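I opened the model to look up a few things and kept notes as I went. The entries are in the order in which I checked them.

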Amino acid sequence: MPFDSLGLAPALVQAATDSGYAAPTAIQVAAIPAILQGRDLRGCAQTGSGKTAAFSLPLLQRLAGDAAQAPRRVRALVLVPTRELAAQVGESMRGLAQHLDARLKIVVAFGGVSINPQMMSLRGGADVVVATPGRLLDLVDHNALRLDAVSMLVLDEADRLFDLGFAEELGRVLALLPQRRQNLLFSATFPPAIQALADGMLRDPAIVDVQGAPGTEPAIVQRVIEVDAGRRTQLLRHLLKQHEGEWDRVLVFVATQHAAQTVAEKLYRNGIYAVPFHGDIAQGTRSDILFQFKQSRWDVVVATDLAARGIDIAQLPVVINYDLPRSPTDYIHRIGRTGRAGERGLAISFVSAATEAHFRLIEKRQGLSLPRERIEGFEPTEAAPPRVVDTSGNGGVKGKRPSKKDKLRAAAAKARGGD
Ligand code: AMP
């Protein structure tokens, strides 16, 4: 199906063509007409499947068709969970808007950098604001923008925004928006508890789920290598050496900022251009690292889950889980940094006797059963640790403390209250 059959204006079809998009992806085919009709939508499609353009193209068309008032009032708000994703979405939107007659003003706002330039760029208003929730609220507190004219709200990586870390801020943002608006929620994953919350804020939504649809077979080969925890860095070096020339860039995920530092330093000392990437690194440096990695100036980035969501690195061949992610959802997002836009990708997970049970859980949630590999010279020798026995006396029965579900429900109630 060609782009011009989706009801998009020629200027937007032209921009898609300029971006090198020959035909719309499955999520774009399904989502664009529904969004153009003004419907709420929950869109679920695998990582790297073109979700940004799926909401940006119809959003830009709707705004362009509606003359902006002066001073401009924010008419579309795109919320994302990370600063890098805010920058990426803003850039992609500007590219797609370039041929429109209506000059739409798109402002990107995220924390970790000075607020002043963002306040300056909001002078005279903006048509679209792409932001992380915390900085958006700071800007509201500084009277740099008002959200009472927002007619379109996009939550990108929506399940992450509903999760506990963001729920409170999301509730505060929703309270500032008009009740009547179009809501668009996108992610590659919607765990059931979160989906219920998300659906609570949608009115008669179009539900688009193109996971596993024909033509969207996962392009990511998943491998699992058994190795003792203490030998992972050596194994990593071995694999990097073995695949030199073939793996031009590798994204390695670890569990903590400390691990990101130490693993990257060890690799660097061994002549591999590796750099850590985590939330304790200054924002300017973070942006530089990502930019340089995209340009192949680093061979290896060792990252925390900060890099797991949304970040689009074209033709990244390999993702390695040095430490396993906490949840099956995080696993999907991490490995989704490779195999994007129809490319092929490879995801390798290191599993030790101590983490084998956790990996089995990740596999179970995905309906997968992956063969375990051993690499010569790195065969594991450790046995699984004994299972921890519950000695609390209550047989592990949940106590009075609120469960994660209770907290989610409370956050949802709060968000709805302000909706
Ligand atoms: P996203 O899922 O939005 O992060 O997009 C993943 C990658 O797919 C990005 O590099 C986009 O530029 C690219 N992309 C988006 N739409 C298309 C399309 N219709 N055809 C080819 N590539 C696309």
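**Entry 1, overall.** I note at the start that this is a predicted model. I looked up the secondary structure and got 15 helices and 14 strands. The protein has 419 residues, and 51% of them count as buried. For the accessible surface I have about 19,500 Å², with 51% of that area belonging to carbon and sulfur atoms. I then took the contacts with a separation of 6 or more; residues 24 or more positions apart account for 75% of them.

Where does the ligand lie relative to domain 1 and domain 2? I found that domain 1 (3-209) and domain 2 (219-373) both give residues to the shell, so the ligand lies between them. There are 14 residues around the ligand, and Tyr21, Gln28, Thr52, Asp312 and Arg340 come nearest. Sorted by class, I have 5 nonpolar, 6 polar and 3 charged residues in the shell.

I went through the N and O atoms next.
- For alanine 23, a backbone N or O atom lies 2.8 Å from a nitrogen atom of the ligand.
- For serine 49, a backbone N or O atom is 3.3 Å from a ligand oxygen atom.
- For arginine 340, an N or O atom of the side chain is 2.8 Å from an oxygen atom of the ligand.

On its own the ligand has 490 Å² of accessible area, and the protein covers 80% of this.

**Entry 4, helix α1.** Which residues of helix α1 (residues 10-18) are buried? I listed Ala11, Leu12, Val13, Ala15 and Ala16. An α-helix has 3.6 residues a turn, so residues three or four places apart point the same way. I checked what the buried residues of α1 pack against and found α3 (51-64) and α4 (83-97). Just after α1 I came to glycine 20, which has a positive phi of about 90 degrees.

I placed histidine 333 in helix α13, which spans residues 328-335. Is histidine 333 buried or exposed? I read 0% relative accessibility for histidine 333, so it counts as buried. Leaving out residues up to four places away in sequence, I found that histidine 333 touches Thr47, Glu157, Asp159, Ser187, Ala188, Thr189, Ala308 and Arg309.

Terms used
Residues are numbered from 1 along each chain as its sequence is written. This is a predicted model: local features need pLDDT of at least 70, side-chain atom pairs count only at pLDDT 80 or more; totals for chains, interfaces and linings use all residues. Side-chain values use heavy atoms; hydrogens and water are left out. A residue is near a molecule or strand if one of its heavy atoms lies within 4 Å of it. A polar contact is a pair of N or O atoms within 3.5 Å; within protein, one must be able to donate a hydrogen and the other to accept it, and residues adjacent in sequence count only if both atoms are side-chain atoms. Accessible areas come from the Shrake-Rupley method with a 1.4 Å probe; for residues, only the protein chains shown count as cover. Ala, Val, Leu, Ile, Met, Phe, Trp, Tyr, Cys and Pro count as nonpolar, Asp, Glu, Lys and Arg as charged, and the others, Gly among them, as polar. Domain bounds come from an automatic or database domain assignment. Helices (H or I, at least four residues) and strands (E, at least two) are DSSP runs, numbered from the N terminus. Buried means under 20% relative accessible area, exposed over 50%, partly exposed in between (1.4 Å probe, protein chains only). Contact means heavy atoms within 4.5 Å.
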